[in-house]
Amino acid sequence: MKAIAVAAVTCLALPPRALAQDACAEDVQRLCPDVKPGSSRIARCLRENEAKLSASCRARVEADASKARSIIEEFGRACRTDVDQFCPGVEPGGGRVLGCLAQHQLELSPACQAQLDRFADARERVAAFRQACRAEVASLCEGVPPQAGPLLECLQENEARLSSACSAAELRRAAEAASVVDVLEELTRRDRVREALQILQGIDSVAFSRSQVLLQFDSYQRFLDKGNATRFQFNPQFVLGREFALQIKVPVKTFYPSAAGAPAQSAVGEVTTSFAWNFASHGQVRHFLSLGLQWERLLPPPLGGPWALQPAYAVAMGLARWVSLTGQLVWFRSLGDTGAYPKVDVLLLEPILVGNLPGRSFLSLDTKLFWNLATGKFAPLMKGVAGIFTDRQKSVSISAWYQGSLTSAGVSQSFQFEVGLGLAYFFDF
């Protein structure tokens, strides 16, 4: 889906004449016969029919997306801080963010200013070559939409008939940079919402989309209403796939009880394998179904765990560029004889609110409402998380949190309160 959205200025808006040799020509004629080229209308049509695209068209779209994304990432690395500082309230789209940055040229960082100069140069190149090629455009490209991509395709098809003043190779270089500006504006908005949703993985949401490695420190007060304890975790989570995904968690835990003479314990914890399906996406709303299996670990609590099934549903909503809300419902049910472990039969309802703030920081409020169906007890918890992205492009984040039980029953089922720190690295396969 992302690749198709990125390529809205290349093969997706081609004129009929350019479609003859294009990898998406047959797809456009088959799926979008009545759609008029221009203004990304064909892009939207192909996006709506993504599942029906041919392999060649999908490959062409993904190749164009890769080229566009490299420029977008360069802009993001160079100008993210400047956008957060000078244009935090500017709604992306229509060139508004770039226009805002242009108004602060004397205050921009050198790296961001270099990017603006790059885009300005691209526009000047396109304008100059349109002027140089105006005769060819009028005679060879009549009826072609005026965007740089379609005009480029038309001139390339007629390269042998171009005058010496009209250099197709130079036009290609200028048009690629200039056309990406519009894509940049669109993806800047999307990535802000996507980043907010990705933070949820650090607080163990079903609505996962990327892999992560999390280093975590927790300090518990009145753990299970008995005493204090400290825990270190190395918690890798691997996600393979997108719409249908396989998630594997293999946490390595070291647990330090505070009781005198109690030894530290270290082992692999609750290994979980989950199959998930992002079965519906509408705009910034995503729906997930998941079925997980927790493997039995023949270790004492809190390191091990019994065989257990974990069916779950989650809905993640990007409410705005800065805010996302996820609600998830998970049922933990142990299987067969749990041996040293008490029976696990817990229903969890968990709303999670995340704010993605300027300056690469974020805040989240994670409310866990546990119903222990085996004992009939209700154990609500609330967790507040604050953090910062050290690198948005690689999605490295560091966070701190406080989590407390809201009732006395919650203390006996979990702990009085917990404080913690985490360092997470998100990545894609």
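The paragraphs below lead through a predicted model, from its confidence to its strands, its salt bridges and its surface.

Because the model is predicted, local features are taken from residues with pLDDT of at least 70 and side-chain atom pairs from those at pLDDT 80 or more, whereas totals for chains, interfaces and linings use all residues. Residues are numbered from 1 along each chain as its sequence is written, and side-chain values use heavy atoms, with hydrogens and water left out.

Confidence comes before geometry. The average pLDDT (the predictor's confidence in each residue, from 0 to 100) is 77 for the protein, and 74% of the residues score at least 70. Residues 1–21 stay under 50, and the model gives this stretch 63 contacts beyond four places in sequence; a contact means heavy atoms within 4.5 Å. Residues 189–193 also have a pLDDT below 50, with 17 contacts in the model beyond near neighbours in sequence. Where pLDDT is low, the predicted coordinates should not be read in detail.

Helices and strands are DSSP runs numbered from the N terminus, a helix being H or I over at least four residues and a strand being E over at least two. Helix 2 covers residues 25–31 and holds both Asp27 and Arg30, which are three residues apart, about one turn of the helix. The side chains of these two residues form a salt bridge with an N to O distance of 3.1 Å. In this model a salt bridge is a side-chain nitrogen of Lys or Arg within 4 Å of a carboxyl oxygen of Asp or Glu. Burial is judged by relative accessible area: buried is under 20%, exposed is over 50%, and partly exposed lies in between (1.4 Å probe, protein chains only). Asp27 is therefore buried, at 2%, while Arg30 is partly exposed, at 47%.

Gln115 counts as buried because its relative accessibility is 10%. Leaving aside residues up to four places away in sequence, Gln115 touches Glu74, Phe75, Ala78 and Cys79.

Leu224 is not a glycine, yet its phi is positive, near 50°. Asp225, likewise not a glycine, has a positive phi of about 65°. Leu224 is partly exposed, with a relative accessible area of 34%, and Asp225 is partly exposed at 38%. The side chain of Asp225 also meets that of Arg222 in a salt bridge of 2.5 Å, N to O; Arg222 is partly exposed, at 36%.

Strand 2 runs over residues 227–241 and includes Phe234. With a relative accessible area of 38%, Phe234 is partly exposed. Phe234 belongs to a nonpolar surface patch together with Leu215, Val252, Ile388, Ile398 and Leu423, and the patch has about 470 Å² of accessible area. Patches are made of residues with over 30% relative accessible area and no salt bridge; like charges are joined within 9 Å, and nonpolar side chains (Val, Leu, Ile, Met, Phe, Trp, Tyr) within 5 Å. The areas come from the Shrake-Rupley method with a 1.4 Å probe, and for residues only the protein chains shown count as cover.

Attention now turns to the pairing of strands. Two strands pair if DSSP finds at least two bridges between them. Strand 7 (residues 285–294) and strand 8 (residues 308–318) run antiparallel and are joined by ten bridges. Strand 8 is also antiparallel to strand 9 (residues 323–334), with nine bridges between them. Tyr313 in strand 8 stands opposite Leu289, and in strand 9 its bridge partner is Leu329. In a regular strand the side chains alternate between the two faces of the sheet.

The whole structure contains seven salt bridges. One of them joins the side chains of Glu350 and Lys368, at 3.7 Å from N to O. This pair links distant parts of the chain, with Glu350 in strand 10 (residues 345–356) and Lys368 in strand 11 (residues 361–372), 18 residues apart. Glu350 is buried, with a relative accessible area of 2%, and Lys368 is buried as well, at 15%. Together with Asp366, Glu350 and Lys368 are linked in a network of salt bridges.
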